[in-house]
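Please read the report below alongside the sequence and the 3D view.

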Amino acid sequence: MSTAAISISGVSKTYRTGFWGKKFVALDALSLSVEKGEILGYLGPNGAGKTTTFKVLLDLIRPDSGTLSIFGDPADQKARERVGYLPENPYFYMYLTAEETLHFHGRLRGMKGEARKKRIPELLHLVGLEHAKSRSLKKFSRGMLQRIGIAQALVNNPDILILDEPMSGLDPNGRKQMRDIILGCRDQGKTVIFSSHILSDVEIMCDRAAIIRQGKLQEIVQVSEMLDNKVAHWEITCSSLPENSPYEDCIVHKTKNQILLKTNGEVEAKKMIQKIEESGGRVLSFGPQRVNLEEFYNQSGKEEK
Ligand SMILES: Nc1ncnc2c1ncn2[C@@H]1O[C@H](COP(=O)(O)OP(=O)(O)OP(=O)(O)O)[C@@H](O)[C@H]1O
Ligand SMILES: [Mg+2]
């Protein structure tokens, strides 16, 4: 039996654009699944189709073909009630206070008064907005609105979270808080898919990352395995280079006292070290640098071209 919380199979979506209704393929036979209890990072350049994927999943727009299911049932509207959604550009009634906004969303989700009274203070605490609970949203900063956005997505304690760029607009502290909230959701057994352009966040939090380009799934990687296994290059930090050194092209960064060099293989790195030391230079550090998600992402983009 599949353990997928979300399953997308062969989904295509075409938009009609402009006066003549020209067709534009936003999703092209996309297949992707998110396992129960995992955090999946959904990456791709602007216009790749991330938000469109979320909208078809939530039944906000209809795909042209393909099937989508949440907890195994494509038609079950009840399953969708177990999904919390943070849109890319959430719309709020700006004259409502933070507290009123969460009551409003709780009511939309069918929560009774008692349940809301218990849940909303917890959520305000979770997103660090207790101090602003009676302030109307028109007085909120962008980052505060993003926090109220995640709080509304969590209001009825959903099992699945679909978050469209949850980190956008947040300061470093807010980003850390958002990461902790998302990781906390996984600890509670929730399933999370989120889109982001901040690769380091995806690297820290995600079990897997999927890369979509031009509406097609391009790569799906197990983040921890990728980080464990692949050596991207070797780095050497030294005090000086031999005179007329052949390594000028390898310099990544140079300060008054230190030079950082980058090379591809271990053998080449060791040769460099020998040459540097023979010429009286000092090697301060050297070692393999693992592939990070950014390199992987950029590499996958090049392969496409
Ligand atoms: N309602 C629409 N009508 C016509 N084209 C649309 C519509 N919505 C999205 N598109 C197009 O579909 C493509 C995918 O858009 P989508 O918003 O899904 O991208 P995205 O990956 O979320 O990008 P971003 O990272 O910028 O948020 C884009 O080229 C976009 O212009
Ligand atoms: Mg988007």
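What percentage of the 305 residues in the protein chain is made up of buried residues? Buried residues make up 46% of them; buried means under 20% relative accessible area, exposed means over 50%, and partly exposed lies in between, with a 1.4 Å probe and protein chains only.

This is a predicted model, in which local features need pLDDT of at least 70 and side-chain atom pairs count only at pLDDT 80 or more, while totals for chains, interfaces and linings use all residues. Residues are numbered from 1 along each chain as its sequence is written, chains are lettered from A and ligands numbered from 1 in the order in which they are written, and side-chain values use heavy atoms, with hydrogens and water left out.

**The whole chain**

The protein chain has 10 helices and 13 strands. Helices (H or I, at least four residues) and strands (E, at least two) are DSSP runs, numbered from the N terminus. Along its principal axes, the C-alpha trace spans about 75 × 45 × 45 Å. Of the contacts in the chain with a separation of 6 or more, 69% are between residues 24 or more positions apart. Contact here means heavy atoms within 4.5 Å.

**Helices H5 and H6**

Helix H5 covers residues 142-153 and helix H6 residues 172-187; their axes come within 11 Å and cross at roughly 5°. Axes are lines fitted to C-alpha atoms, for helices over the stretch in contact, and angles run from 0 to 180 degrees between N-to-C directions. H5 and H6 are therefore roughly parallel to each other. The rule is that angles under 35 degrees count as roughly parallel, over 145 as roughly antiparallel, 65 to 115 as roughly perpendicular and the rest as oblique. On the H5 side the contact is made by Gln 146, Arg 147 and Ile 150, and on the H6 side by Gly 174, Gln 177, Met 178 and Ile 181. These residues divide into three nonpolar, three polar and one charged. Ala, Val, Leu, Ile, Met, Phe, Trp, Tyr, Cys and Pro count as nonpolar, Asp, Glu, Lys and Arg as charged, and the others, Gly among them, as polar.

**Empty space**

Rolling a probe the size of a water molecule over the atoms shows where empty space is left. On a 1 Å grid over the protein atoms alone, a cavity is a set of points where a 1.4 Å probe fits but cannot get out, and a pocket is an open set with protein on both sides within 12 Å along at least five of seven lines; lining residues have an atom within 4 Å of a point. Grid points are joined across faces, edges and corners, and a volume is the space filled by probe spheres set on the points.

The count comes to one cavity of 30 Å³ or more. Its lining consists of Val 127, Arg 147, Ile 150, Leu 170, Gly 174, Gln 177, Met 178 and Ile 181.

The largest pocket is lined by 16 residues, and the closest to its centre are Leu 58, Leu 60, Val 83, Tyr 85 and Arg 109. The elements that give two or more residues to this lining are helix H2 (77-80), strand S5 (83-86) and helix H3 (98-108).

| Space | Volume | Lining by class |
|---|---|---|
| Largest pocket | about 470 Å³ | nine nonpolar, four polar, three charged residues |
| Largest cavity | about 40 Å³ | five nonpolar, two polar, one charged residues |

**Helix H3**

Which residues of H3 are buried? They are Ala 98, Thr 101, Leu 102, His 103, His 105 and Gly 106. Among what covers them are helix H4 (113-126) and H5. Just after H3, Gly 110 takes a positive phi of about 80°.

Asp 59 has a phi near 65°, a positive value in a residue other than glycine. Asp 59 is found in the loop between helix H1 (50-57) and strand S4 (65-70), and is partly exposed at a relative accessible area of 28%. Glu 165 also is not a glycine, and its phi is positive at about 55°. Glu 165 lies in the loop between strand S6 (160-164) and H6; at 17% relative accessibility it counts as buried.
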